[in-house]
Protein chains: 2
Amino acid sequence: MSGFNFQPIGYLATPFADKFGIPRQPNLAPHAQGVLKLLSPYNRAEAVRGLEAFSHVWLTFVFHQSASDWKPTVRPPRLGGNTRIGVFASRSPFRPNPIGLSLVELIKIDTDSGVALTFKGIDLVDGTPILDIKPYIPYAESIPTARGGFAGSPPPELAVIFSPEAESRLKPELRALIEDVLKQDPRPAYANDAERIYGVRLYQYDVKWRCDGQTTYVIALEKVA
Amino acid sequence: MSGFNFQPIGYLATPFADKFGIPRQPNLAPHAQGVLKLLSPYNRAEAVRGLEAFSHVWLTFVFHQSASDWKPTVRPPRLGGNTRIGVFASRSPFRPNPIGLSLVELIKIDTDSGVALTFKGIDLVDGTPILDIKPYIPYAESIPTARGGFAGSPPPELAVIFSPEAESRLKPELRALIEDVLKQDPRPAYANDAERIYGVRLYQYDVKWRCDGQTTYVIALEKVA
């Protein structure tokens, strides 16, 4: 059987240096911005003409950091990590074709030198290969009454408290991003050790935190060399 | 630059033998049903376990009948066929990576022998290669307030009138499908000849019709040998 070969149209720059800590759906972290620079020959202003009339776009991307093998079932974090459901009933990266879909808000189009698009609500790791951009069509794609199975409502959010030391070193935008990310509780579902210190890397910062299951405490912030 | 190679997980059987006449977005033709049989090794019941909890799914597919060359701009039928917009501001099949997205309603899961999924609201040509199935997540993907550019509202619908002869030969389901398809006015945007007779093939029927721009008249129905 013959396959289909696709080339990236660009790579997305995001705050998420590692997979750990990334929100599990788009739009959960409104302060997470990403920039997509289109590659030649796609980086022509005409290719995005009219895109400014759409507030949201679909990014079709490749889960390039995930292992290439798939299994028929996966264990979604939303189900506590110990219930198996079919891979096609999930948005897991470990799928037969590791293609992802992310619905993001388009906030800037820059065509001064090539094409750079800025999005917010990003849930993708830095350097993700993008295969396509499509406008979101609300009359066809907004179905508020759809049944959403185990993902029928947004995940609960935790309170996030910053240590005075961390607080003092934070610019407001970075503080908001850290809050967005940590209130989603990125800990593995099976972990519940209130003393354990986790680290998540955002831009060039290592953020250290612990969580008692209701509240997340940001302990320290370290700049990576 | 290295690319990414993907294999079909199955091919979608649909009423649309040809591209001409296919609704230009999913869910415009609720009577258009499609059946996806998963190929080995994906055709195991576990792979779709839990999918029944979702009412809608995304199909990621390949525009396999479209020419492989792309252009930076396209002329969407919705804009009358003579306004050029960027390919990334459109859902045109003629894109750098000919990947399509279709949001369809899941109405049946059959795992008695392999896996067969039945959808309605299909807008894909018979035999379309499917790369992925993902559940629709309404809390993240239903954004009714999104700005939808030139596709901000559903296209207007025409009245459809059947000739007595055509009417007499139609089962109700096929009649409803023909009405779904023709009320979308599938004529090329630049055509406006009320006398011209068009044909669209649905299942094994050639449907003959003409349109004066407000009303479509179904003239005849011919079974293809």
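Biologist: Which ring does B:R210 lie over?
Modeller: B:R210 lies over the face of B:Y217, at 4.8 Å from the ring centre. A charge sits over a ring if NZ of Lys or CZ of Arg is within 6 Å of the ring centre and within 35 degrees of the ring normal. This is a predicted model, in which local features need pLDDT of at least 70 and side-chain atom pairs count only at pLDDT 80 or more, while totals for chains, interfaces and linings use all residues. Residues are numbered from 1 along each chain as written, chains are lettered from A and ligands numbered from 1 in the order written, and side-chain values use heavy atoms, without hydrogens and water.

Biologist: And how many aromatic pairs are there over all chains?
Modeller: The count comes to 16; rings of Phe, Tyr and Trp (its six-membered ring) pair if their centres lie within 6.5 Å, with planes under 30 degrees apart stacked, over 60 edge-to-face and the rest tilted. One of them, B:Y198 with B:W209, is stacked, at 5.0 Å centre to centre and 25° between the planes.

Biologist: Where do B:Y198 and B:W209 lie?
Modeller: B:Y198 is in strand 11 and B:W209 in strand 12 of chain B, so the pair ties together parts eleven residues apart in sequence. Strands (E, at least two residues) and helices (H or I, at least four) are DSSP runs, numbered from the N terminus.

Biologist: Is B:W209 buried or exposed?
Modeller: B:W209 is buried, at 0% relative accessibility. Buried means under 20% relative accessible area, exposed over 50%, and partly exposed in between (1.4 Å probe, protein chains only).
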